[in-house]
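Subject: Structure for your files, with notes on side-chain contacts

Dear colleague,

I am passing on the structure we spoke of, together with my notes on it. Please look it over first, and then read on.

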Amino acid sequence: MGTQKKYNVIGIMSGTSMDGIDCSYIKTDGKNFVSIINENSYKYSQNYKKKLKKIIKYFNNNKSLKKKYFKDYENIVTNKFIQAIKKFIKDYSIRYSSIDYIGISGQTVFHNPRNKKTIQLASGREIQKKLKIKIVGNFRENDIKHGGQGAPIGACYHKYILNNFASTAIINLGGIANICY
């Protein structure tokens with residue numbers, strides 16, 4: 001029986017809190033093995049937060065989305081993601097050639113899982129063109145299409161925490177929490 005290939009992956013995530021972009025560089029086999037190499041958060045400026053709030057307001061108030069505005073807004077977010085990824089790679093002296101994939105959720109600007117609708121901005125195609133690294137994305141959209149709430153990575157993260165740190169976490173919590181399986 002052979003060993004499972006391990007991949008070096010950068011994961012990029014920004015949330016509805018709009019505080020910044022979180023970056024993680026991990027080694028994983030995609031199933032059972034995860035080793036965190038580096039992590040950092042890059043905070044948004046107040047000016048960028050204002051832009052994001054304007055974009056989100058637009059998507060929440062417009063029933064018919066004009067393609068021109070969608071593309072313009074997506075370019076703003078895509079460029080911010082590219083900046084953060086480049087800074088992360090530079091800050092941790094990561095060789096581009098050592099990165100197998102970048103996983104991107106995108107910036108949520110509209111989310112209604114009950115009606116199976118979510119909009120994330122950040123073009124994986126543009127990021128791939130610019131950085132020459134394979135991109136994996138559309139996590140939220142695919143999760144909602146398959147009956148989820150649009151947070152598929154959260155479930156994987158919680159499973160990992162429970163499998164690797166549950167007994168330590170329970171001891172540290174001093175019995176103030178219940179864990180459901």
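Predicted model: local features only at pLDDT ≥ 70, side-chain atom pairs only at ≥ 80, totals over all residues.

Residues are numbered from 1 along each chain as its sequence is written, and side-chain values use heavy atoms, with hydrogens and water left out.

Aromatic rings

The structure holds five aromatic pairs (rings of Phe, Tyr and Trp, the last by its six-membered ring, with centres within 6.5 Å; planes under 30 degrees apart count as stacked, over 60 as edge-to-face and the rest as tilted). One of them joins Tyr42 and Phe88 in an edge-to-face arrangement, with 6.5 Å from centre to centre and 85° between the planes. Because Tyr42 lies in strand β3 (residues 34-43) and Phe88 in helix α2 (residues 67-91), this pair ties together parts that are 46 residues apart in sequence (helices, H or I with at least four residues, and strands, E with at least two, are DSSP runs numbered from the N terminus). Tyr42 and Phe88 are both buried (buried means under 20% relative accessible area, exposed over 50%, and partly exposed in between, with a 1.4 Å probe and protein chains only). Together with Tyr92, Tyr42 and Phe88 form one aromatic cluster.

Charges over rings

Two lysines deserve a look here. The charged end of Lys6 sits over the ring of Phe33, 4.9 Å from its centre (the criterion is NZ of Lys or CZ of Arg within 6 Å of the ring centre and within 35 degrees of the ring normal). Lys80, in turn, lies over the face of Tyr48, at 4.6 Å from the ring centre.

Salt bridges

There are three salt bridges in the structure (a side-chain nitrogen of Lys or Arg within 4 Å of a carboxyl oxygen of Asp or Glu). In the bridge between Asp19 and Lys43, the closest N and O atoms are 4.0 Å apart. Asp19 lies in the loop between β1 (7-14) and β2 (20-28) and Lys43 in strand β3, so this pair ties together parts that are 24 residues apart in sequence. Asp19 is partly exposed, at a relative accessible area of 31%, while Lys43 counts as exposed at 62%.

Asp91 forms a salt bridge with Lys87, with 3.3 Å between the closest N and O atoms, and both residues lie in helix α2, four residues apart, or about one turn of the helix. Asp91 is partly exposed with a relative accessible area of 36%, and Lys87 is likewise partly exposed, at 42%.

Lys129 and Glu126 meet through their side chains in a salt bridge of 3.2 Å, N to O, and these two lie in helix α3, three residues apart, again about one turn of the helix. Lys129 is partly exposed at 48%, and Glu126 is partly exposed at 29%.

Backbone angles

Lys116, a residue other than glycine, has a positive phi, near 55°, and is found in the loop between β5 (107-112) and β6 (117-121); its relative accessible area is 52%, which is exposed. Ala122, also not a glycine, has a positive phi near 150° and lies in the loop between β6 and α3 (124-131), where Ala122 counts as buried at 16% relative accessibility.
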